[in-house]
Amino acid sequence: MRTPLPLKITEQVNGTVSIPKTFKLKTPIKRIFFGTSSCECKVVQTDQQEIKMSEDIFTNLKIPYTSTTQVIIHEDHLYIGPLVGIFTAGFSESMIRPIGERTLFFAKLLAQEKAVGAYVFIFGAKHIDWDKGTIHGLFHSHSGWETIEIPFPNVVYDRLPNRRTEKHKTLSEIKQRLHHEYLIPWFNPGFFDKWEIHQLLEGDHRVATYLPETHKSPTFSLIERMLSKYQHVYIKPANGSLGLGIYQILFDRETDEYYCRFRDADGKNRLQRFSSIEAFVNTHFRNRRLEHYIVQQGIHLIRSDHKTIDFRIHTNKDERGKWQVSVMAGKIAGRGSVTTHLNNGGVVRTLTEIFPDVEECKKVTDSLSQAALILSEVIDSRQEGHIGELGFDLGIDKNGSVWLFEANSKPGRSIFSHPKLRKYDKLSSRLPLQYAVYLTETTIKAPEEVFK
């Protein structure tokens with residue numbers, strides 16, 4: 001990745017920009033761009049590794065402040081930035097916590113902008129001025145949050161908080177308008193549906209072996225058949241997240257009884273006994289239908305201290321648009337819990353903590369990394385739009401086989417609470433911005449690859 005250059009305002013002649021001689025110009029530069037704003041300019045080249053521009057250009061382009069920036073040159077155009085907009089919802093009136101509980105997450109994300117050489121801001125529906133073609137974006141610095149008027153961005157990183165918000169008509173229309181009218185690429189759109197992802201992956205021989213047997217809209221007889229085959233199954237909402245609404249059903253062959261583990265409305269882990277599957281369904285799905293649920297094969301996973309372990313792996317595209325693993329951690333289930341989620345009593349551990357033996361740890365790390373990267377490539381190739389990051393919940397059974405339990409388009413960040421994983425928090429915040437630089441350059445130089 002090229003090194004970002006410092007951007008400075010100078011007293012030089014109006015309409016002038018100076019760039020290093022290391023940029024080999026094939027043709028004279030006639031125009032400079034920042035986001036969707038542009039103006040004519042005259043470019044001179046110097047021996048200094050910095051960008052200098054006259055104040056009139058800085059003002060006309062609506063550059064919010066001097067910083068470090070990438071420079072992209074294509075034909076007779078020079079692009080400063082990129083300007084990256086992070087689209088979300090749930091804003092408050094407070095400038096101390098403008099995005100509520102997620103304010104700290106966004107502050108960490110924006111803190112990576114100088115390292116990447118981008119200008120990064122947060123915005124929502126209320127910040128857009130369609131008439132002027134500008135956005136009153138939220139920027140963050142050492143002095144706190146401030147709102148600055150800037151042009152429309154080069155690229156938008158979708159960080160809408162949940163499925164309900166994503167389906168809001170106004171927000172959907174904003175995405176369509178920016179994408180189609182302004183040709184602004186948008187990455188990480190959409191929460192995944194578990195069943196759709198399963199079907200998408202099932203057809204690819206490279207990843208089919210990672211998939212537990214899964215069915216949509218389960219019937220009593222189907223659940224019975226799967227219990228007979230696997231001894232335990234999971235019933236999950238197809239559009240669920242955070243481990244909510246998941247039931248583990250176990251069949252005891254000796255007593256001919258069924259046991260159900262779940263988390264109740266008060267957040268307590270419960271275990272109930274039933275004489276039949278019908279009794280379980282009538283108790284828990286009286287006012288709901290199983291057509292919105294999937295049933296999934298139970299896997300006999302490796303354990304730590306008699307507790308189930310699974311693994312969270314984050315993958316990100318980098319500055320070359322290539323997938324890489326950005327963080328990996330183990331999650332150990334809480335006592336009596338149906339999942340390993342932290343809000344359900346789960347505990348995060350590094351792989352070296354779980355596997356003290358160096359060779360075993362490397363073997364597990366390699367197999368999980370390989371699975372996560374192949375899954376990322378397959379999902380990316382088969383989904384519409386641009387994906388910049390993914391999160392996977394993977395398991396390893398007692399035979400060493402890897403299994404996919406869930407793929408997330410907007411993975412949570414709870415694993416970064418572990419002290420030894422905090423350094424990866426920065427990496428996984430920086431990589432989406434590096435991918436935004438890549439997507440910007442591709443849009444400028446090969447738009448046909450972006451707008452297929």
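Reply: Phe34, Tyr65, Phe87, Tyr119, Phe121, Phe123, Phe139 and Trp186 form one aromatic cluster. The model is a predicted one, in which local features need pLDDT of at least 70 and side-chain atom pairs count only at pLDDT 80 or more, while totals for chains, interfaces and linings use all residues. Residues are numbered from 1 along each chain as its sequence is written, and side-chain values use heavy atoms, with hydrogens and water left out.

Me: Why is the pair of Tyr65 and Tyr119 called tilted?

Reply: The ring centres of Tyr65 and Tyr119 are 5.3 Å apart, and their planes stand at 45°, so the pair is tilted. Tyr65 lies in the loop between helix 1 (55-60) and strand 7 (68-74), and Tyr119 in strand 10 (residues 119-123), so the pair ties together parts that are 54 residues apart in sequence. Helices (H or I, at least four residues) and strands (E, at least two) are DSSP runs, numbered from the N terminus.

Me: Why does Tyr119 count as buried?

Reply: Buried means under 20% relative accessible area, exposed over 50%, and partly exposed in between (1.4 Å probe, protein chains only). Tyr119 has a relative accessible area of 0% and is therefore buried.

Me: Why is the pair of Tyr247 and Phe262 also called tilted?

Reply: The centres of the rings of Tyr247 and Phe262 are 5.7 Å apart and the planes are at 35°, so this pair is tilted. Tyr247 belongs to strand 18 (residues 247-252) and Phe262 to strand 19 (residues 257-263), 15 residues apart, and the pair links distant parts of the chain. Tyr247 counts as buried because its relative accessibility is 7%, and Phe262 is buried with a relative accessible area of 7%.

Me: What places Arg177 over the face of Trp130?

Reply: A charge sits over a ring if NZ of Lys or CZ of Arg is within 6 Å of the ring centre and within 35 degrees of the ring normal. Arg177 lies over the face of Trp130, at 4.1 Å from the ring centre.

Me: How do you know that the span of helix 5 (residues 169-180) agrees with its number of residues?

Reply: The expected span of a helix is 1.5 Å times one less than its number of residues. For the 12 residues of helix 5 this should give 16 Å, and the end C-alpha atoms are 16 Å apart, so the two agree.

Me: Which residues of helix 5 are buried, and why are they said to be on the same side?

Reply: Leu171, Ile174, Leu178 and His179 are the buried residues of helix 5. They cover an arc of only 120° around the axis (taken from the directions from the helix axis to the C-beta atoms), which puts them on the same side of helix 5. An α-helix has 3.6 residues a turn, so residues three or four places apart point the same way. Lys169 and His180, on the other side of helix 5, are exposed. The elements that cover the buried residues of helix 5 include strand 9 (83-87), strand 10 and helix 4 (163-166).

Me: What makes a set of residues a nonpolar core, and which members of the largest touch the most others?

Reply: A nonpolar core is a set of buried Ala, Val, Leu, Ile, Met, Phe, Trp, Tyr and Cys residues joined through side-chain atoms within 4.5 Å. The largest has 39 residues, of which Val17, Ile32, Met53, Ile63 and Ile80 touch the most other members. Apart from it lies another core of 32 residues, including Ile332, Val364, Ile396 and Leu404.

Me: With which residues is Met53 in contact?

Reply: Contact means heavy atoms within 4.5 Å. With neighbours within four places in sequence left aside, the contacts of Met53 include Leu7, Thr16, Val17, Phe58 and Ile80. Thr16, placed in strand 2 (residues 16-20), is buried, as its relative accessible area is 10%.

Me: Why does His306 count as exposed?

Reply: The relative accessibility of His306 is 70%, so His306 counts as exposed. His306 lies in the loop between strand 22 (303-304) and strand 23 (307-317), and its phi is near 70°, a positive value in a residue other than glycine.

Notes
Rings of Phe, Tyr and Trp (its six-membered ring) pair if their centres lie within 6.5 Å; planes under 30 degrees apart count as stacked, over 60 as edge-to-face and the rest as tilted.
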